[in-house]
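Welcome, and please take a moment to look over the sequence and the fold.

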Amino acid sequence: VNWQRVTREADLPPGSVRRVVLDGIEIALCNVGGEFYAVDDVCTHAYASLSEGALIGHELECPLHGGCFDARTGAAQGGIVTEDLRRFAVRVEGGDVWIALGDG
Ligand code: FES
């Protein structure tokens, strides 16, 4: 597993989402009520950056056609989106947020 430090915890307040690119992988880092989650940033429906959409509770809403994913798991919430996002492990340590690439 390849852990990479992406931001300070304090720089991404609850309810916000940010796009990060690690080793060419586009990731949406979400703060859901103080817990951090990382999923693919590119929608599985067509090409759109989910971090430019809205994070409402744990629902990440695509800006293009309004498809919704569970930011905690990457699960497609039905309707227009049927394919889940990949999920990446996140840990917070000493105020820094880390994302794991690869298995684990
Ligand atoms: S591109 Fe995301 S819902 Fe269509």
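Which residue in strand 10 is the bridge partner of R5? It is W98. Bear in mind that this model is predicted. Strand 10 covers residues 96-101 and is joined to strand 1 by 6 bridges, with the two running antiparallel.

These strands belong to an open sheet of 3 strands, ordered 1-10-9 with antiparallel pairing. At its edges sit strand 1 (2-8) and strand 9 (90-93), each of which pairs on one side only. From one strand to the next, the twist averages 30°. Strands of a sheet pair through backbone hydrogen bonds.

Now to the cysteines. The number of disulfides is 0, where a pair of sulfur atoms would have to lie within 2.5 Å. For C30, the closest cysteine sulfur is in C68, 12 Å away, and that is too far for a bond. Two of the cysteines compare as follows.

| Residue | Relative accessible area | Class |
|---|---|---|
| C30 | 0% | buried |
| C62 | 4% | buried |

What does L55 touch, leaving out residues up to four places away in sequence? Its contacts are G15, S16, V17, C30, N31, V32, L60 and A71. In soluble globular proteins, nonpolar side chains tend to be buried together.

How values were computed. Residues are numbered from 1 along each chain as its sequence is written. This is a predicted model: local features need pLDDT of at least 70, side-chain atom pairs count only at pLDDT 80 or more; totals for chains, interfaces and linings use all residues. Side-chain values use heavy atoms; hydrogens and water are left out. Two strands pair if DSSP finds at least two bridges between them. Helices (H or I, at least four residues) and strands (E, at least two) are DSSP runs, numbered from the N terminus. Axes are lines fitted to C-alpha atoms, for helices over the stretch in contact, and angles run from 0 to 180 degrees between N-to-C directions. Buried means under 20% relative accessible area, exposed over 50%, partly exposed in between (1.4 Å probe, protein chains only). Contact means heavy atoms within 4.5 Å.
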